[in-house]
Amino acid sequence: MIEPPSGWQVINFKELVAYRDLFWFLTHKAIRTRYAQSALGIGWAVIQPVATMLVFTLVFGKMVGVRSDGVPYFIFSFTALVPWTYFQNALTEAVASLIAQQNMLSKIYFPRLVLPISVVLARLLDLVISFALLMAIIAWYWSDPGWGPNWGICVLPLLVVIMIFSSAGLGLFLSAMAVQYRDINYGMSFLVRLLMYAAPVVYSVSEVPEKYQFYYALNPMVGVIEGFRSALLSTNPMPWNLIFPGAVTSVIMLLVGAMYFRRKERVFADVA
Amino acid sequence: MSDTVVSVENLSKAYLLGRQAKQDTFFGSVAAVVKSPLRNFRQLHRLNTFNLSEGGEENEDILWALRDVSFEVKQGEVLGIIGRNGAGKSTLLKILSQIAYPTHGRAKIHGRVSALLEVGTGFHPELTGRENVYLNGTILGMQKAEIDSKFDEIVDFSGVEKFLDTPVKRYSSGMKVRLAFSVAAHLEPEILIIDEVLAVGDAEFQKKCLGKMQDISTGEGRTVLFVSHNMRAVDDLCHRAILLDGGTVAANGDPSDIIKQYLQRNQTEIKTSFRSAPNENEEDRDAVLLTADLVNAQEECCDSIRFGEPFGIRLSWEHRKPLPSLSYAIRFSDHFGRLATACNTRNAFDTELDTAGRHDVVCWIDHSAFVPGTYSIRIAASIQPHTIVSGYSACMDLIVEEMAWKPQHMFTIKGEPSFATASRWIHTMGSNSMVASNDPTERTV
C-alpha cells in the first residue's frame with residue numbers, strides 16, 4: 001500500500017531485520033573502501049588521534065599548563081581522544097552518508113536508516129585499533145601505582161553503546177536535514193569543533209563548577225570520556241552522576257533522530 | 001491471470017519547479033545575494049511542504065508529473081509503459097517502487113517488489129566483482145544465503161568469472177553493466193519493475209537480457225512492469241501496454257495498438273518531400289540540401305509508393321565550396337526507429353560531387369524490399385570516411401502502401417516482417433524439376 005505521507009512513524013524493525021545482510025555488507029564496504037588505495041591504510045585510524053594528542057600536549061599541557069589529574073598530560077588527553085575521535089568521525093560520516101549516496105536514494109528502495117547507521121558501526125574498527133594503541137601506551141608508562149587501569153574497564157562496553165547511540169541519533173537527525181539543507185554539511189566541521197570544547201577532551205571535568213555539572217553531563221560525551229579516564233587511569237571513581245544523564249540523553253537522541261529520519265525519508269528522493 | 005497484484009487509483013504526483021528569479025541589473029543582483037539566505041531557506045523548505053492550494057491548480061511553479069493515473073495489473077501479466085520523455089513513466093515507477101511518495105491517490109501492491117531503475121546502483125569501484133555482487137544483491141533486497149546459492153549462476157550469466165577478484169574500477173564499462181544486470185536478473189521478486197535497462201551492453205548481451213526477461217515472465221509467471229523506448233521489445237514481451245502522455249494514461253490495451261497510437265501521436269505530420277527553409281541556420285553548412293522528393297519509376301513526384309514498386313529519391317544540393325571526396329547518404333528507419341536500410345554514393349561516382357555549385361542526383365531503388373509502412377528518412381552529405389558535412393534527420397518520410405504494385409505483389413506475410421525478400425523454389429521429383437519464383441519484385445509471369 002503506497003499512500004501520500006502522513007504524520008510520524010516508528011521504526012519498522014521488521015523491515016530492518018529483513019535487510020540485515022545489507023547492513024553487514026554496507027559496513028564491510030565502508031571499512032574496505034575508506035582507506036582504499038592509500039599506502040598507510042588503516043594506519044590513518046591511529047595517526048589522527050596521535051597527531052591531535054601531540055598538538056594538545058604541546059599547547060594545553062606545556063604552554064597553557066592545564067591540570068591533568070596527576071597523570072602525564074599526553075596520556076590524559078589521549079584517553080579522551082580515543083572515544084572523541086570515534087564520535088567525531090562517526091557523526092561526520094553519518095551526516096555525509098546520505099548525500100554521498102544520493103544516487104542510490106533516487107534509484108532504489110531500501111530502508112534508508114541503514115546508510116548512516118552502517119557508517120557509525122564501521123567506525124568501531126578504528127575505535128578498536130586506537131584503543132589498542134592507548135592500552136599499549138598506558139602499559140609502557142605505567143610505573144606509578146597512583147594511576148592505571150582498574151575494574152571500571154567492565155563499564156567500557158556500556159560507554160561505547162552510549163557513544164553509538166548518541167552519534168547515530170545526532171547523525172540520523174542531521175543527515176536527514178542535510179539532504180534538504182546542504183548548510184548542515186558545510187557547518188559540520190565547525191560544529192564538531194565546538195562540541196569538542198563542550199566535552200572534557202583537553203581539560204579535566206573538575207574544572208567545571210559543581211553546580212553546573214548536571215547540565216554539563218547532559219552531553220553524553222562528558223560521561224563517556226570521564227568514564228574512560230576513570231576506568232583506564234583511575235583519576236577518580238566511576239562518575240555515575242555524569243554517565244547517567246548522558247545515557248538518558250543519548251537514548252532520547254536516538255529515538256528523536258530516528259523518528260525525524262523516518263518522517264523525512266519519504267521525501268529524500270524528491271529533494272536530494 | 002485473475003488476481004490483481006497492482007492496483008493504482010488516481011495517483012498524482014506534483015513537483016515544485018525550482019525557478020529562480022532573474023536579476024538583470026547589477027544592483028538587483030547584489031541585493032539578491034544579500035537577501036538570498038532567507039529566500040533560499042524558504043525555497044528549500046517549500047520543496048516538500050509546498051501547498052497545492054496556494055495559487056491553485058494553475059500555479060506555474062508546480063509541475064504535475066502524474067495526474068489521476070489509474071490502472072491494474074494482474075498476476076503474471078507483463079505490462080509495458082510507453083510514452084515520450086517527461087510523460088511521467090519514471091515518476092510512476094519511482095512511486096510503485098516506494099522511492100518517492102505520491103501527492104494524491106494510492107497504489108495497492110501485493111507481493112515483494114524489486115525495482116531496476118538503473119543498472120549497477122550501489123556498485124563501488126574499489127570493491128571486487130565478488131564483493132559488489134553481494135553488496136548490490138543485498139541492496140536490491142536479497143539475503144546473503146540467497147546470493148550464495150545463486151552466485152555461480154550470476155557469474156556464469158555475466159561472463160566475467162576471470163575478473164571476480166579484481167576491483168570493479170578496472171573493469172570495462174560493458175563488463176560492469178553485465179555483472180550488474182546479472183545480479184538483477186537473478187532477483188526473484190513477485191513483481192519486477194524495469195526501467196529502460198535493456199539499453200546497455202552489446203547486441204549479444206541485449207539478446208540474452210531479452211531472453212531472460214521472457215523466461216521471467218512466461219516461464220516463472222511473474223508480474224513485470226516494463227518501461228522502454230524499444231517498441232519492438234515492448235511488442236514482443238508485453239501482454240498489455242499503457243501509453244502515458246503528460247502525466248495521464250492516454251491509452252491502455254493491446255501492445256501493438258498502443259504502440260501504433262504512440263507512433264501516430266509522434267508523427268502527426270508526415271512529410272512526403274523536403275524543401276529547405278530559407279531563414280534556417282544554413283549559413284554554416286558547406287552543403288545545403290535544397291529539395292528532396294519521392295519519385296516513381298516515371299520520375300514524377302509522388303506522395304507514396306505501392307508495395308514492391310520501384311522508386312527514387314531525388315535530391316538537389318548546393319555546395320558552397322569544393323568538397324573533395326564527398327558522398328551523399330540516405331538512411332531509412334522504420335517506425336520502431338530502427339535502421340531499415342541505407343544507401344550512399346560511395347564508389348558510385350569518382351569526383352563528380354567534389355565541385356562547388358548545384359548537384360542534382362536521384363537515388364533509385366529498383367527492387368524495393370520495403371514492407372508496407374512509414375519510414376523516416378535521413379539525408380546527409382559526408383566526406384569520407386566518416387565526417388558528416390551536413391545532415392538532415394527525419395527530413396521526410398517514405399510511405400509504402402499496403403496495396404501491391406502489381407497483383408503478384410500481394411502481401412501475404414503475417415506479423416510484422418522486417419523486409420520482403422525474393423525467394424526461388426525448386427521442386428525435384430524423379431527427373432522433372434519445377435522452378436517457381438516467389439519474388440515480390442522480379443517475378444515476370
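The model examined here is predicted. The size of an interface is often expressed as the accessible area that is lost when the parts come together. In terms of residues, 42 from chain B are in contact with 35 from chain A.

The rule identifies 1 salt bridge between chain B and chain A. This salt bridge joins the side chains of B:Glu131 and A:Arg32, with an N to O distance of 2.8 Å. On the side of chain B that touches chain A, two or more residues are given by each of the elements β1 (4-16), α1 (26-49), α2 (89-96), β4 (104-109) and α3 (129-139) of chain B. Of these, β4(B) provides the largest share, 6 residues. By residue class, the side of chain B that touches chain A consists of 19 nonpolar, 14 polar and 9 charged residues.

Within chain A, helix α4 (residues 73-100) packs with helix α7 (residues 124-141) at an angle of about 170°, and their axes are 9 Å apart. Since an angle over 145 degrees counts as roughly antiparallel, α4(A) and α7(A) are therefore roughly antiparallel to each other. From α4(A), the contact involves A:Phe74, A:Ile75, A:Phe78, A:Thr79, A:Val82, A:Pro83 and A:Tyr86. Their counterparts in α7(A) are A:Leu124, A:Leu127, A:Ser130, A:Phe131, A:Leu133, A:Leu134, A:Ile137, A:Ile138 and A:Tyr141. The contact of α4(A) with α7(A) comprises 14 nonpolar and 2 polar residues, with no charged residue.

Helix α7(A) also meets α6(A): the axes of these two helices come within 4 Å and cross at roughly 15°. As angles under 35 degrees count as roughly parallel, α6(A) and α7(A) are therefore roughly parallel to each other. In this contact, A:Val120, A:Leu121 and A:Ala122 of α6(A) meet A:Leu124, A:Leu125 and A:Asp126 of α7(A). The residues of the contact of α6(A) with α7(A) are divided into 5 nonpolar and 1 charged, with no polar residue.

A:Arg123 is located in the loop between α6 (114-122) and α7 of chain A, whereas A:Glu93 belongs to helix α4 of chain A, so the pair ties together parts that are 30 residues apart in sequence.

Methods:
Residues numbered from 1 in each chain as written. Chains lettered and ligands numbered in written order. Predicted model: local features only at pLDDT ≥ 70, side-chain atom pairs only at ≥ 80, totals over all residues. Heavy atoms only, no water. Axes fitted to C-alpha atoms, helices over the stretch in contact; angles between N-to-C directions. Parallel < 35°, antiparallel > 145°, perpendicular 65-115°, else oblique. Contact = heavy atoms within 4.5 Å. Nonpolar A, V, L, I, M, F, W, Y, C, P; charged D, E, K, R; others polar. Salt bridge = Lys/Arg side-chain N within 4 Å of Asp/Glu carboxyl O.
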